[in-house]
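Me: Happy to look at this one together! Could you walk me through a few questions on it?

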Amino acid sequence: MDTAFWQELFQQWGHLTYLIIVGWTFIEGETCVILAGVAASALGTLHPWLIALCAFAGSFCSDQLMFFLGKHFGPAIFKKFPRLEKNTDKVRDLMLRHETMLILGFRFVYGVRNITPIMLGMSGVSHFKFFCLNLIGAMVWAFSFAYGGYYLGEAFTAAMANFKHGALAVVGILILLFVVFWWIRRKRDKADIDNAEAVARAGLGHDPAADANAEIAAPAQPAGQNAAQQAVKPGSHE
């Protein structure tokens, strides 16, 4: 099974690969983009600029959806998934001090990517501002990781140029990288769940009764409004 086999495979099903990248980046992060960039370099059948455009489309649409959901259903989201509140203090602080830079670069900050667009939607950031800055941030993110993976693949290929089965070795490394990324992600998710359960057992989480009392005391305020709305005041945006 040589390089020609993989080239023929991607020539026949390459269009599906691009659709997979769009779908994967809509849900997940940079792992898929890096691996696709490495594959583009190693196999020569995928185009890095198309990988970047697909990653941009998936990431941009995902965060626009999260922003919309945060604006209209933010409190319900945090109520249904309380472990998302783990990093809300960090995001709130960044929103207060560097709102514009946060919108541009939250994809590059571990631990806050999923909740940032939700909290930005809850904080009162305008649709237009988020759309424009999210467009720029998603483009920079997608091309950075797509071409980063591509040049990483170039380095792998050059290092293995003297091996008889260098192409297979590159494919093996791709598989290994995927397994490692998947294992790390699984361990992080398990740790997050364990931490959330520990906090709940210790009684350090939010008190539902206190939240209910606050809602009764302020009926004119949208129910379930969380700390992100309270902390970010009008005129605090950059």
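Reply: Gladly. Helices here are DSSP runs of H or I with at least four residues, numbered from the N terminus. Please keep in mind that this is a predicted model.

Me: How many helices and strands are there in the protein?

Reply: Read along the sequence, the pattern is α-α-α-α-α-α-α-α-α. That gives the protein 9 helices and 0 strands.

Me: Does S62 count as buried or exposed, and why?

Reply: S62 is found in helix α3, which covers residues 48-80. Buried means under 20% relative accessible area. S62 has 10% relative accessibility, so this serine counts as buried.

Me: Which residue has its backbone oxygen 2.8 Å from a polar atom of the S62 side chain?

Reply: A polar contact needs a pair of N or O atoms within 3.5 Å. Here a polar atom of the S62 side chain is 2.8 Å from a backbone oxygen, and that oxygen belongs to F26.

Me: Which element gives the largest share of the nonpolar patch?

Reply: The patch on the surface has about 960 Å² of accessible area together, and its members include I20, W24, F178 and W183. Two elements give two or more residues to it, α1 (3-27) and α7 (166-202). The largest share is 8 residues, and the element they come from is α7.

Me: Why does W183 count as partly exposed rather than buried?

Reply: W183 has its place in helix α7. Partly exposed lies between the buried limit of 20% and the exposed limit of 50%. Because its relative accessibility is 48%, W183 counts as partly exposed.

Note on methods. Residues numbered from 1 in each chain as written. Predicted model: local features only at pLDDT ≥ 70, side-chain atom pairs only at ≥ 80, totals over all residues. Heavy atoms only, no water. Buried < 20%, exposed > 50% of the residue type's maximum accessible area, 1.4 Å probe, protein only. Polar contact = N/O pair within 3.5 Å; in protein donor to acceptor, adjacent residues only side chain to side chain. Patch = residues over 30% accessible without salt bridge, like charges linked within 9 Å, V, L, I, M, F, W, Y side chains within 5 Å. Areas by Shrake-Rupley, 256 points an atom, 1.4 Å probe, with all protein chains shown as cover. Salt bridge = Lys/Arg side-chain N within 4 Å of Asp/Glu carboxyl O.
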